[in-house]
Amino acid sequence: MRRRGMRAAALLLAAGMLLAAGCGGTASASGTSAAPAVSGGTAEGAGAAVAGGTVAGTASEAATETAANAGEASSAQDAGAASYDYSGRKVSISGDSISTFSGYIPDSYNQNYPADDLQDVSQTWWMQVIQNKGMVLLSNASYSGGLISGDSMDTTGQHACGFTRTNDLRGADGTDPDVIMVMSGTNDFLNARPIGSYTEGEAIAEEGVVWDFSDAYALMLTKLKAQYPNARIVCMTCIPVTRWSDENRQEYSAAVNDLGVTIEAYNEKIKEVAAIFDCPVVDTYRSFTDAESSQYTYDGVHPNAAGAKKMADYVTANLY
């Protein structure tokens, strides 16, 4: 990880000033999003926003890809896997549809699960991780169709860089989380949000509409660091987004958005920005491969019960 030094102090000071000016107590998660209309769709309507791309292989290649994937696990994560004791920690989740479940997110937030064969909250990736690591759920502020980018002053909670979402990570009694897990970015990819080029030392974006993914991610982390200075903020990459070109789902390709890139481009930016803020990263993208997506998702985007289990097992093993 890079050292924050003077840059981190400046970021937190700026965030504190923003919070003082525009955030007090717990904000309402109601109303209609003020973000302008965009082309494409969200993870709830992924087909409209994603081109098929070039067929990358067939299901017969899955075993080879899986073995290669397993062999590339991050040595840094393996080395630090036991460096933080998660047992008994209060954890909050900031995510999109992949992390929702009815009755566990704010009433005004959009939900996706239960869906397909994932019908019980115990099957979700995040609840399995919580149980596996001995943590306690404090709040799940996940929004189906939510993005990292967008209007930071939005009051619906749709945008993870916004005050409503960051405020909703507190417990109902105002308790702060010990751990925050950020699992989001898929909808930014599907909606072809500009990836941006945020780098260390660059000024944090001003409040308002922030469409560049990396700028919005940096704004989000700045707020989380300022609001929850004692929390361990874990950034997670997005799982594969895949398209199949035959009805039997044997021929597959990594989905390509309107910018001509795959989800991996956004995942790389997540890693880069997280490093600037000294946040640990779990490379959830490695939970399963594009070739396995027909087995572990029900639509190329959302994990089924088996896919959620794969995610949970990977996160549990690599959460450090």
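1. Buried means under 20% relative accessible area, exposed over 50%, and partly exposed in between (1.4 Å probe, protein chains only). This is a predicted model: local features need pLDDT of at least 70, side-chain atom pairs count only at pLDDT 80 or more, and totals for chains, interfaces and linings use all residues. Residues are numbered from 1 along each chain as its sequence is written, and side-chain values use heavy atoms, with hydrogens and water left out.

2. Salt bridges come next. The whole structure holds eight of them (a side-chain nitrogen of Lys or Arg within 4 Å of a carboxyl oxygen of Asp or Glu).

3. Aspartate 178 pairs with lysine 90 at 3.2 Å, N to O. Helices (H or I, at least four residues) and strands (E, at least two) are DSSP runs, numbered from the N terminus. Lysine 90 is partly exposed, at 28%.

4. Glutamate 272 bridges to lysine 269, with closest N and O atoms 2.8 Å apart. Both lie in helix H8 (residues 263-276), three residues apart, or about one helical turn. Glutamate 272 is partly exposed at 34%; lysine 269 is buried at 10%.

5. Lysine 271 meets aspartate 283 in a salt bridge of 3.2 Å, N to O. Lysine 271 is in helix H8, and aspartate 283 is in the loop between strand S10 (281-282) and helix H9 (293-296), twelve residues away. Aspartate 283 is buried at 6%, while lysine 271 is partly exposed at 25%.

6. A network of salt bridges links Glu268, Lys271, Asp283 and Arg286.
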